[in-house]
Amino acid sequence: MRSVRLLVAAAFVLMYTYTFAQSASVTFEAQTRVFRMEGGNVSYAFGINDANELQPLYWGARLSAGDPLGPAHRNQGHASFDLPSGSTLQEFPGWGEGLYYEPALKITFPDGNRDLVLHYVDHAIDGNQLKVRLKDIEREVYVELQYQIDPKTGILARSAVITNKTSAPLMIEEAAAASWSLPNSKDYWLYYLTGRWAGEWNVQHEAIRPGARVLESRRGSTGHQNNPWFAIERGDHHDQDTGDVWFGALAWSGSWRITIQQDVLDQVRITGGYNPFDFGYKLAPGEQLETPVFYGGFTLHGIGGASRLLHQFELARILPQAPKPRPRPVLYNSWEATTFNVTEQGQEALAEKAAKIGVERFVIDDGWFGQRKDDHAGLGDWYVNKQKFPNGLKPLIEKVHSLGMDFGIWVEPEMVNPDSDLYRKHPDWVLNFAGRPRTEGRNQLVLNLARQDVRDFIFGFLDKLLSENDIAFLKWDDNRNWSEPGWPAVAPDEQKEVYVRYMQNLYSILKELRAKHPNVEIEDCSGGGGRVDLGILHYTDEVWPSDNTDPFDRLSIQDGFTYAYTPGVMMAWVTDSPNWVNRRSTSLEYRFLSSMQGSLGVGANLNLWNDEDFATAKHMIEEYKQVRDTVQHGALYRIISPENGSEESVTESVADNHDQAVVFAFLHSSQMGHPFPRVFLRGLDRNAQYRLHWITERPEGHLPESASGAYWMDHGVDLDLRGDFQATAFRLDRMQ
Ligand code: DGJ
């Protein structure tokens with residue numbers, strides 16, 4: 001028994017060092033013509049094959065330096081119906097030479113030629129970066145493939161730059177960032193995320209079968225419906241922490257597509273980038289088009305391990321404050337309490353109450369500007385409404401500061417109500433097809449941010465707002481998707497470029513604002529989680545995952561969100577009960593515990609609270625501040641998932657140094673008197689002693705005050721939860 005324990009302990013130490021292997025290398029072996037990239041626990045290799053194409057060779061757990069990989073040989077095809085060009089996996093296939101699978105690049109030349117065959121030209125290695133240049137076999141079209149491997153997580157960043165060196169313009173009809181490949185197997189399982197407004201982040205899990213599964217948005221924006229993230233597991237593992245998992249996320253906030261295809265040889269290809277639907281980018285001689293970045297990673301530690309790697313990567317590499325993002329402050333937002341009815345007096349009264357419970361940031365939501373009484377008017381008119389704020393914003397901001405909080409404000413810069421001065425002055429500024437109806441959503445139209453004048457207007461008013469007022473935070477909203485995506489002001493063959501140029505301008509505004517106002521933080525919101533991706537997260541510090549604030553629905557919304565995104569950006573408000581979504585009633589404590597699994601906010605009507613509510617809130621916020629670093633920046637373990645009608649749900653977050661763990665447990669509804677399943681913790685230091693601290697009331701029963709990491713993980717904890725919508729939470733602190 002003792003030797004088994006020792007073995008387990010040794011395995012843990014090994015796993016620990018293995019998990020934190022931190023080196024990256026990129027090499028090219030001239031003899032075999034094989035490129036190898038290593039980072040974290042991952043090796044990635046591809047070769048130049050006998051036809052001069054780039055052919056993937058390996059993507060998975062780190063191999064030894066001398067392991068044989070290559071040379072790459074073209075697959076001879078399956079029959080006359082499946083030609084070698086298509087059967088051979090390629091790093092970045094052009095559409096030509098009989099490719100029946102999803103191409104990475106499709107071009108129409110002015111003479112009608114649509115055949116594109118990309119061959120290796122040269123490459124350059126710089127530290128953990130690799131650039132490989134490809135060229136069409138006949139025409140002067142170049143593609144530079146860019147690779148960068150992260151030393152810590154082994155996550156690869158891939159993108160492509162397409163250059164037209166011919167003497168005539170060409171039309172790009174499809175441009176992916178990358179094509180990833182997995183070797184032939186009939187046992188792959190796909191995870192992906194689906195949703196809709198107020199019902200985002202549903203985790204889908206299905207076997208990969210021959211044919212294609214297309215994940216996409218045609219909406220001009222990332223969308224609530226699919227998220228540009230996938231994970232593929234070899235074998236159907238029923239736990240979170242075992243199994244080989246490949247995963248990827250596309251950094252693009254406009255229309256996108258990821259196609260997961262199993263070919264006739266059972267190989268799997270994952271191709272993602274700009275959505276080719278309605279796509280067209282005219283590349284004049286000398287011009288370039290750069291694709292978004294498609295990130296991809298691998299882990300041996302199951303879907304839970306995949307999420308943890310991605311979280312770590314987002315915090316260290318993606319977020320604007322990477323590698324050490326500041327913890328999210330506890331905020332208050334009155335949207336659900338007051339909707340558009342914001343006034344100086346009303347907001348000040350709420351601010352006083354919010355300060356009493358320990359809120360650190362006070363945010364005024366929609367309704368403070370123009371003639372904004374409801375959602376019918378005012379968007380686009382970014383002056384302070386004098387009826388609601390007779391003395392401007394300054395008195396409220398000063399009041400908020402005097403209460404020890406910083407101040408944030410809501411904006412929706414990309415939109416306009418037809419009932420606004422802006423639209424009356426510039427009806428041509430919106431996306432539209434000349435002479436056609438303009439379909440409204442929430443009584444608003446989308447400004448065409450691809451236009452330079454619109455870009456300048458948006459940057460200008462935001463810059464002014466931030467320069468004239470002491471504002472620490474912008475909540476940047478975006479409450480509809482595109483319709484009639486026309487751009488009549490430019491030549492017909494350039495109008496489809498709107499999909500690319502709009503987003504480039506959006507990113508450039510965010511970038512410039514951050515540079516000019518470096519202390520301002522930004523929340524990305526799109527009617528909830530309608531525009532969450534690694535592209536926008538490069539410029540925004542947090543996101544609003546859903547307008548659905550029902551604390552029980554939130555358990556699965558938050559669970560799904562964290563498959564792809566770190567809880568460090570996941571805002572979660574405590575709102576009123578019964579909640580407006582399902583008319584469900586829950587205790588204030590339950591609502592807090594649900595929200596404390598992410599970045600805590602309060603969105604309830606504080607004017608309706610009694611003394612007991614204030615005391616509960618103050619206590620929970622104090623407790624939250626003790627664990628927020630662990631929750632926001634630690635390793636998340638899904639101990640019991642709320643998915644698939646589960647009656648229970650448990651999450652655990654563990655600090656990076658393993659000094660603290662915090663557990664949140666929820667019971668939906670007791671059935672047949674079953675006890676709550678014993679909770680076995682993970683990720684602790686087996687040999688350390690941890691002291692137990694209850695965030696909620698200490699339950700009856702014989703629970704130790706302290707025990708070893710091994711005890712909490714192997715013996716586990718019994719929680720005394722019975723009834724409906726019950727919840728409890730505790731933390732463990734390493735004893736010195
Ligand atoms: C949608 C957001 O998701 C809400 O939180 C709120 O800000 C409203 N828009 C305001 O119009």
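1. Let's start with the ligand. In this predicted model, 13 residues sit around the ligand, and Asp365, Asp366, Lys475, Asp477 and Asp547 come nearest; "around" means having a heavy atom within 4 Å of the ligand. By class, that shell splits into 4 nonpolar, 3 polar and 6 charged residues. Here Ala, Val, Leu, Ile, Met, Phe, Trp, Tyr, Cys and Pro count as nonpolar, Asp, Glu, Lys and Arg as charged, and the others, Gly among them, as polar.

2. A quick word on ground rules. Numbering runs from 1 along each chain as its sequence is written, and side-chain values use heavy atoms, leaving out hydrogens and water. Because this is a predicted model, local features need pLDDT of at least 70 and side-chain atom pairs count only at pLDDT 80 or more, while totals for chains, interfaces and linings use all residues.

3. Now the domains, whose bounds come from an automatic or database assignment. There's domain 1 (7–318), domain 2 (364–536) and domain 3 (640–734). Taken over C-alpha atoms, the centres of domain 1 and domain 3 are 39 Å apart.

4. Next, the second largest pocket, with about 680 Å³ of space. A pocket is an open set of points on a 1 Å grid over the protein atoms alone, with protein on both sides within 12 Å along at least five of seven lines, and lining residues have an atom within 4 Å of a point; the volume is the space filled by probe spheres set on the points, which are joined across faces, edges and corners. Of its 31 lining residues, Ser159, Glu290, Pro292, Val293 and Tyr295 are closest to the centre. Domain 1 and domain 2 each give at least three residues to this lining. Strand S8 gives the most, 4 residues (strands are DSSP runs of E, at least two residues; helices are H or I, at least four; both are numbered from the N terminus).

5. Finally, the structure holds 8 cavities of 30 Å³ or more, a cavity being a set of points where a 1.4 Å probe fits but cannot get out. Helix H10 supplies the largest share of its lining, 5 residues.
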